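Student: I would like to go through this model with you. Could we look at the structure together?

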Amino acid sequence: MLIDARTLPSDETLHGDVVVVGAGPAGITIARTLVDTGVRVVLVESGGLEPSPEAQALNTGRSIGYPYHPLERARFRQFGGMSNRWELDLARGDSGWYARPLDQVDFEARPGLRDTGWPFGRAELEPYYARAAALAHLGPPTWATEDWAEESAPALDDATGTATAMFQFGLHTFHPVGLALRDEPACTVVINATVRRVELDESGERVDHVVASPRSGTTIRIAAPRVVLAAGAIENARLLLLSRTIRISCPRRSSR
């Protein structure tokens with residue numbers, strides 16, 4: 001079912017087993033997976049089915065320190081998220097994208113660089129990389145040069161100091177998958193609803209609902225015992241900071 005939040009009366013409450021905030025590739029994939037298990041999902045998107053200047057204006061921001069693309073250009077509020085901007089020209093004229101997992105060195109602390117080093121290595125993510133490759137309709141989940149020897153140019157000699165890296169190309173696939181969710185009885189797709197905060201129950205121990213606003217100024221609630229934030233790194237962090245009733249504890253990372 002598809003609902004345009006701008007048509008709902010103020011203080012309307014929708015219900016589900018899980019609320020997924022953000023209908024980009026991550027949110028669509030999570031919603032699709034949950035629906036297939038019979039879970040009632042409410043998938044909430046800040047933008048609409050078509051691009052909107054009003055929705056995109058909500059991405060405006062300023063990056064301090066590290067030079068980065070303008071935030072309103074590097075992110076996109078529309079059903080399908082950034083998959084609407086996968087415009088790489090492939091050989092057949094399709095629009096698409098390319099992907100490669102992180103290298104082991106990306107997880108390691110590096111001398112002279114602050115705040116580097118993950119609490120786990122790449123091996124921890126290997127099973128998830130394989131699942132992601134299948135969901136994205138990529139080829140075999142391997143990026144080793146020797147596994148693609150017949151389809152790629154010869155690898156450069158290590159003596160040159162240059163390494164050969166393999167990328168896989170994917171088609172623009174997530175938007176149609178997401179639109180199909182509109183016909184799923186267990187999924188409610190809510191567009192034009194910007195989630196403003198996550199609220200806990202009276203005990204302060206469990207999620208109770210999220211509060212969202214259509215751009216008309218009305219406020220709606222979506223009640224569910226579980227919330228998945230799939231709005232991207234910046235918006236996930238901002239949403240948690242706006243949710244002042246949530247207590248966040250960060251475990252200390254052990255020294256190496």
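Student: Which residues does alanine 193 touch, not counting residues up to four places away in sequence?
Tutor: Alanine 193 touches Ala5, Val44, Glu45, Ser46, Ala212, Ser213 and Ile220, leaving out residues up to four places away in sequence; contact means heavy atoms within 4.5 Å. This is a predicted model, in which local features need pLDDT of at least 70, side-chain atom pairs count only at pLDDT 80 or more, and totals for chains, interfaces and linings use all residues. Residues are numbered from 1 along each chain as its sequence is written, and side-chain values use heavy atoms, with hydrogens and water left out.

Student: Which residues touch the most other members of the largest nonpolar core?
Tutor: Val19, Val44, Ala193, Val195 and Ile222 do, in a core of 18 residues. Such a core is a set of buried Ala, Val, Leu, Ile, Met, Phe, Trp, Tyr and Cys residues joined through side-chain atoms within 4.5 Å.
Tutor: Apart from this core lies another, of 14 residues, including Phe79 and Leu181.

Student: New topic: what is the strand order in the open sheet?
Tutor: The five strands follow the order 1-8-4-3-12, with parallel pairing. Strands are DSSP runs (E, at least two residues), as helices are (H or I, at least four), numbered from the N terminus; two strands pair if DSSP finds at least two bridges between them.

Student: And which residue is the bridge partner of valine 19 in strand 12?
Tutor: That partner is valine 227.

Student: Is asparagine 59 buried or exposed?
Tutor: Asparagine 59 counts as buried because its relative accessibility is 2%; buried means under 20% relative accessible area, exposed over 50%, and partly exposed in between (1.4 Å probe, protein chains only).
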